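Trainee: Could we go through this structure together, one spot at a time? I'd like to ask questions as they come up.

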Amino acid sequence: MSPAQPDGAPLPGAADLPAQVRADTGGETGRGRPFSVYLHVPYCRVRCGYCDFNTYTNLSMGGGASAGDYVDTLAGELRLAHTAMERVGLPQRAARTVFVGGGTPTMLPAGDLARMLTLVRDTCGLADGAEVTTEANPETVDERYLAALAQAGFTRVSFGMQSAVPQVLRILDRAHTPERVLQVVSWARRAGLATSLDLIYGTPGESLDDWRRSLEAAVEIGPDHLSAYALVIEEGTRMWSQVRRGELPLPTDDDEAAKYELADAVLGRAGYAWYEISNWARPGHECVHNQAYWRDWDWWGAGPGAHSHLGDVRMWNAKHPVAWAGQVTAGRLPVAGHEVVDADSRELERVMLGIRMREGLELRSLTRPGEAATASGTPRRLVPVVGGFVAQGLLEGAAAMAGRAVLTLRGRLMADTVTRELVD
């Protein structure tokens with residue numbers, strides 16, 4: 001039975017929030033942790049062979065899940081979410097960041113993305129100086145489109161460049177040409193938008209020289225921010241099948257490590273500083289929304305398959321757009337499941353995410369109740385562990401002496417190992 005107001009009327013959407021969210025109103029969430037919004041757009045022109053994201057090439061699914069009425073359904077979810085959080089006593093917090101991802105958000109008209117941002121303003125509120133980003137494929141925008149985004153209040157656009165080598169783009173099923181990326185970044189810059197480029201390394205058949213060419217092309221374009229991700233070939237994707245059949249070679253760990261080291265060298269020389277293992281930026285252009293995830297902010301994820309995080313509770317929406325839209329149309333939050341993160345898991349995540357960032361992790365924060373520590377705050381039990389990592393070149397020595405665990409370049413390649421040893 002749904003919770004009810006004094007007059008007996010149901011509280012819209014409140015029953016769809018897990019009980020643990022309702023119980024947390026006096027906890028960290030209730031004290032006003034920062035809040036972000038993620039909006040998922042599931043449409044793509046072509047499903048890339050390596051992609052395992054929740055994307056669809058059918059733009060006419062009906063039932064509120066078609067591209068033409070997608071924003072109306074998204075509006076319904078945002079209103080339900082706002083009402084539900086309000087009814088269970090969570091404080092209203094203006095979004096400090098908004099990120100429109102996919103899929104390919106720019107498959108929709110610029111006016112639809114503008115409406116999405118208006119919905120966030122009208123439901124959650126938008127903090128002064130909020131960072132507002134959309135992902136975009138280079139072939140789906142033009143100068144007028146980007147100007148319209150800036151006019152609507154977007155501050156940043158992240159383009160999927162992936163590679164500057166035509167044969168690598170073909171293997172990745174990317175439709176744009178390398179020259180197109182330069183054009184769209186220039187249009188975005190003219191509109192006043194900050195720019196980011198996403199690159200992928202480790203594509204089957206990509207040589208080290210191919211990767212160098214992509215990095216140098218990206219630097220020449222001159223975005224404010226760059227992300228470089230190792231390709232993960234997920235089971236069930238078309239590329240996974242091609243690798244299994246022997247049609248494409250499987251990338252090796254050594255190959256990917258060499259390409260990561262090359263990325264850090266090329267980007268560092270060009271003035272981009274790493275601030276998270278896979279992300280580099282010019283000073284002051286770090287992605288705040290990315291940091292919201294790494295720093296354990298709260299966020300609401302709207303759209304099919306989107307994930308939300310409130311306090312210790314993680315939730316995820318119905319995955320298929322038709323199922324998602326059906327729930328929203330029926331007046332229910334489309335939450336398909338949730339989990340409550342226990343204390344041990346929360347601590348592991350805190351260390352795992354903290355160690356990935358340039359400022360590293362304060363070793364004092366790993367002290368257990370009643371445990372002795374050194375003058376710098378390092379727990380005594382971790383002194384040999386930290387010393388060993390410094391000797392192996394995985395942690396910066398000066399930072400360790402000052403009580404912080406900061407990864408070296410080699411350490412970034414072994415971040416999971418460092419995390420496990422610090423938590424055990």
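Trainee: Leaving aside its neighbours within four places in sequence, what is T73 in contact with?

Mentor: Keep in mind that this is a predicted model. Once the neighbours within four places in sequence are set aside, T73 is in contact with G64, W324, A325 and V328.

Trainee: Is T73 buried or exposed, then?

Mentor: T73 counts as buried, because its relative accessibility is 8% and the cut-off for buried is under 20%. T73 is found in helix α2, and 13 of the 18 residues of that helix are buried, so α2 is largely enclosed by the rest of the structure.

Trainee: How far apart are the end C-alpha atoms of α2?

Mentor: They are 26 Å apart, and this agrees with the span of 26 Å that 18 residues, 70-87, should give at 1.5 Å a residue. Just after α2, G89 takes a positive phi of about 95°.

Trainee: And where does P91 lie?

Mentor: P91 lies in the loop between α2 and β2, the latter covering 95-102. With a relative accessible area of 29%, P91 is partly exposed. P91 and R33 are 58 residues apart in sequence, while their C-alpha atoms are 9.7 Å apart in space.

Trainee: Switching to the inside, which residues touch the most other members of the largest nonpolar core?

Mentor: That core has 96 residues, and those touching the most other members are L39, F159, W300 and L422. Helix α2 gives the most to this core, with 9 residues. The core also draws at least three residues from each of domain 1 (19-340) and domain 2 (343-423).

Trainee: What is L39 in contact with, beyond its neighbours within four places in sequence?

Mentor: The contacts of L39 beyond those neighbours include L74, L78, V98, F99, V100 and G101, and also M116, V120 and A302. There is a second, separate core as well, made of 12 residues, and Y50, V165, V168 and L231 are among them.

Trainee: New topic: how many aromatic pairs are there?

Mentor: The count comes to 7 aromatic pairs. In one of them, the rings of Y201 and W211 have their centres 5.3 Å apart and their planes at 45°, so this pair is tilted. Y201 lies in strand β5 (residues 194-201) and W211 in helix α7 (residues 208-221), so the pair ties together parts that are 10 residues apart in sequence.

Trainee: Are those two buried or exposed?

Mentor: Y201 counts as buried at 7% relative accessibility, and W211 is buried too, with a relative accessible area of 0%. Elsewhere, ring pairs link Y43, Y70 and W324 into a cluster, and W324 is also one of the contacts of T73.

Trainee: Last one: which residue lies over the face of W274?

Mentor: That is R412, at 4.1 Å from the ring centre.

Conventions:
Residues numbered from 1 in each chain as written. Predicted model: local features only at pLDDT ≥ 70, side-chain atom pairs only at ≥ 80, totals over all residues. Heavy atoms only, no water. Helix = DSSP H or I, 4+ residues; strand = E, 2+ residues; numbered from the N terminus. Expected span 1.5 Å × (residues − 1). Buried < 20%, exposed > 50% of the residue type's maximum accessible area, 1.4 Å probe, protein only. Core = buried A, V, L, I, M, F, W, Y, C linked by side-chain atoms within 4.5 Å. Domains from an automatic or database assignment. Contact = heavy atoms within 4.5 Å. Phe/Tyr/Trp six-rings, centres within 6.5 Å; stacked < 30°, edge-to-face > 60°. Lys NZ or Arg CZ within 6 Å of the ring centre and 35° of its normal.
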